[in-house]
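The exercises below are to be worked with the sequence and the 3D structure in view. Each task is followed by its solution in steps.

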Amino acid sequence: QRSTLNLFPLRYVPGASRLITMFAPRFNATKMKLTLKLAVTRLQMLQKKNENLGHVSRKDIAKLLEKGKDEMARIKTEQIIRDDYLIETMEIIEMYLTLLQTRFGLIEAVKYCDPGLLESVATVIWCCPRLSHDVPELKEIRAGFAARYGKDFAEECMENRNETVNQRVIHKLSIHQPDPSLVNAYLQTIAEKYNVQWKPPQVDLLSTGVPTLPNASDFPLPPSGGAGNGGGFSSATPNPYSSYQEKPGFPPSGQQPSYPPPDHAEKPG
């Protein structure tokens with residue numbers, strides 16, 4: 001016979017909240033300290049490893065340019081740029097973890113996330129599924145913060161609902177194709193470093209065609225209403241820009257922020 005407890009959600013069972021609290025994962029401060037320390041050490045090792053691999057890859061790219069295999073060199077250069085972004089992300093995460101180690105007493109003393117640590121904690125939790133393959137300690141750190149501040153807090157950080165994750169980290173870990181001018185800058189510097197005669201290709205506007213500007217007749221006129229009704233909007237037509245307010249520190253809706261190239265970017269001499 002089916003139990004009557006299965007017919008009702010657990011929250012309606014008397015004493016269920018106390019039972020859930022009893023079996024909920026508890027925050028282990030000693031384990032958290034050790035995990036933070038191990039994660040910092042692993043990040044430092046990974047940064048050195050990736051930098052060494054980057055030097056080897058640059059030599060291979062120089063050989064490809066010398067043989068005239070520009071397309072293959074470009075593909076490998078795009079991977080180097082992504083690796084540089086990854087190295088910089090690891091540097092930021094290492095800095096955040098070091099900050100959390102320094103202020104760990106605040107984590108132990110307060111049961112809610114201090115505003116001074118919010119960006120560090122949120123960014124570390126957000127990076128977990130993206131870096132945990134290389135840094136498995138991030139999973140334990142995320143679980144520790146979920147036990148300390150609650151599961152809902154961890155989920156909000158994972159989805160970046162409150163926009164507390166570092167925007168530079170989001171950009172560096174996003175999947176996008178590097179700009180061709182940045183790839184050319186990398187290739188030119190690599191060629192100069194290894195004494196390879198190579199110059200970036202010039203864009204031929206005559207062969208590609210110059211885009212023509214649209215005529216004024218291609219755009220419909222705005223509703224009549226005169227200059228006194230919001231610059232071309234009638235009183236019956238609301239101005240779509242009147243209620244728009246930008247968030248401080250974030251680009252307007254529909255626009256992508258302009259980020260600089262990696263700090264490790266090749267700079268032609």
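**Exercise 1. State how α5 and α6 cross, and which residues meet there.**

Step 1. The crossing of α5 and α6 is left-handed; left-handed means that the near helix is turned anticlockwise from the far one by less than a right angle, right-handed that it is turned clockwise.

Step 2. This is a predicted model, in which local features need pLDDT of at least 70, side-chain atom pairs count only at pLDDT 80 or more, and totals for chains, interfaces and linings use all residues. Residues are numbered from 1 along each chain as its sequence is written, and side-chain values use heavy atoms, without hydrogens and water.

Step 3. Helix α5 spans residues 115-131 and helix α6 residues 137-149; their axes come within 9 Å and cross at roughly 140°. Axes are lines fitted to C-alpha atoms, for helices over the stretch in contact, with angles from 0 to 180 degrees between N-to-C directions.

Step 4. α5 and α6 are therefore oblique to each other. Angles under 35 degrees count as roughly parallel, over 145 as roughly antiparallel, 65 to 115 as roughly perpendicular, and the rest as oblique.

Step 5. Ala, Val, Leu, Ile, Met, Phe, Trp, Tyr, Cys and Pro count as nonpolar, Asp, Glu, Lys and Arg as charged, and the others, Gly among them, as polar.

**Exercise 2. Describe the crossing of α2 and α3.**

Step 1. The axes of α2 (residues 29-66) and α3 (residues 70-102) come within 9 Å and cross at roughly 160°. That makes α2 roughly antiparallel to α3.

Step 2. α2 passes α3 in a left-handed crossing. Their contact has 17 nonpolar, 8 polar and 9 charged residues.

**Exercise 3. Is K199 buried or exposed?**

Step 1. K199 lies in the loop between α9 (180-193) and α10 (205-208).

Step 2. With 73% relative accessibility, K199 counts as exposed. Buried means under 20% relative accessible area, exposed over 50%, and partly exposed in between (1.4 Å probe, protein chains only).

**Exercise 4. Say where pLDDT stays under 50.**

Step 1. pLDDT is the predictor's confidence in each residue, from 0 to 100. The chain has a mean of 77.

Step 2. pLDDT stays under 50 over residues 1-13 and over residues 204-258. Where pLDDT is low, the predicted coordinates should not be read in detail.

Note on methods. Contact = heavy atoms within 4.5 Å. Helix = DSSP H or I, 4+ residues; strand = E, 2+ residues; numbered from the N terminus.
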